[in-house]
Amino acid sequence: MAGAMGTPYLLREFRSKKREVFEDVLEERRQSSDLRYAMKCFSPVIYRSLVPCKPSMLKAMVLESDQLQYVIKQISLESGEPLDAIQEQATEILDEMGQNLNLAAIRMFALTLSKIFKRLFQKVCVNEEGIQRLAQAIQEHPVVLLPSHRSYIDFLMMSYILYTYDLALPVIAAGMDFMGMKIVGELLRMSGAFFMRRTFRGNKLYWGVFAEYVKTMLRNGYAPVEFFVEGQRSRTCKTLTPKFGLLSVVMEPFFKGEVFDTYLVPVSISYERILEETLYAYELLGVPKPKESTSGLIKARKILNDDFGSIHIFFGKPMSLRSLASGRLNRSQYNLIPRHLSHRPSEEMQKFISDVAYKVELQQIANMVLSPGVLIAAILLQNFPSLDFSVLVDKTVWLKDLTEAFGGCLEWPGE
């Protein structure tokens, strides 16, 4: 595949990338009531006019599914435990994991985040065409949102943007670290977060519950599913190697023919300054990462006095899984076994999943919006320990022109 695409193709693709218009969503917030915004009539665009499913109904569907019941029976046969005991364990896992999307909590976050974002950022800019494409995609097929991951606020920002544009709010895969935060953890659950353990290798029941929970949401199109293909935050602002586990889960309903198609939407979130920049500096020096806590969040309120510049959120073109697989993938292997049986992806499937993950990250990188500070830092790092100021200016302007020639997007101040 790489050989067929080749570097010249990629360069042509970047050069032809259309400039898109960005809208500052904070501009209106600075001129009108945040309370009125939070309490607005929220009638989101949803999948095929589907009535949203209550979290309790979703859990019942997962527990009663053929796939999970088969896993429970297999574990019972292998361990000798009674079915009722394993069923109870599955229920506990689901209660620990599941989201509890609640509009009142969403409105509270909308009010709070509006006030915080206006203090922290000069602008929060969103590409209008990307939002229009996403609105259309949500109505047609199950959607998976795949944002870049540089900051704690990435998933809060995503939900804030979708609420602003009256789009269906996503259910978001979050680490168990957040669940341990008093009050905040439950508020995140009520805003759409579902919690997953960092590792559950070898735990068949946990994997069965988790995979079926995600696939049930996708098969029925109750809400867009959101997760970070990098798996964790990048401390250096460089894109990390993708993780394939969750991506393979969201692709499985398409592989098995349970959905006609699935849209993957890469999202690039570009910061002028990251809120955790001091924390990251300490971590890169070897200082252990502090445990997430509500008290730590309260202590961090001093950053509200800082200026973190602008954020640009670029919603990329939805990538049709059916189109990506066309002519490349033979899905007939899934027709040879019942749908409720687990099926390890073939080498061909694994290669396809890997290629799609890297393609998503490539799109995230291509749609990043760069600030002059990024270019200046790149030049200074290559000319350590010092550089004449006039030479720095010349090199920065040269790098700016080169970036634009290759289709890069720059936020360059007029002055």
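Where in the chain does Cys 237 lie? Cys 237 sits in the loop between strand E6 (225-226) and helix H13 (245-255); helices (H or I, at least four residues) and strands (E, at least two) are DSSP runs, numbered from the N terminus. Its phi is positive, about 70 degrees, although Cys 237 is not a glycine.

Hello everyone. A word on ground rules: this is a predicted model, where local features need pLDDT of at least 70 and side-chain atom pairs count only at pLDDT 80 or more, while totals for chains, interfaces and linings use all residues. Residues are numbered from 1 along each chain as its sequence is written, and side-chain values use heavy atoms, with hydrogens and water left out.

Back to our cysteine. Cys 237 has 45% relative accessibility and counts as partly exposed; buried means under 20% relative accessible area, exposed over 50%, and partly exposed in between (1.4 Å probe, protein chains only). Asp 166 is another non-glycine residue with a positive phi, near 55 degrees. You'll find Asp 166 in the loop between H9 and strand E4 (171-175), partly exposed at 22% relative accessible area.

Now please look at strand E7. Nine of the nine residues of E7 (residues 263-271) are buried, so this strand is largely enclosed by the rest of the structure. Tyr 263, Val 265, Val 267, Ile 269 and Tyr 271 point one way, with Leu 264, Pro 266, Ser 268 and Ser 270 pointing the other.

And its neighbours? Two strands pair if DSSP finds at least two bridges between them. E3 (residues 143-147) runs parallel to E7, joined by five bridges, and Leu 145 has Val 265 as its bridge partner. E8 (residues 310-315) pairs with E7 in the antiparallel sense over five bridges, with His 312 as the partner of Ser 270. E9 (residues 319-320) is also antiparallel to E7, over two bridges, and there Ser 320 stands opposite Tyr 263.

On to the packing. A nonpolar core is a set of buried Ala, Val, Leu, Ile, Met, Phe, Trp, Tyr and Cys residues joined through side-chain atoms within 4.5 Å. The largest one has 55 residues, and those with the most contacts inside it are Phe 121, Met 157, Ile 161, Ile 313 and Phe 315. Helix H9 (residues 154-164) gives the most to this core, with eight residues. Apart from it lies another core of 53 residues, including Val 144 and Phe 352.

One last stop: a cis peptide bond joins Phe 384 and Pro 385, with omega about 10 degrees. Pro 385 is in the loop between helix H18 (372-382) and helix H19 (389-405).
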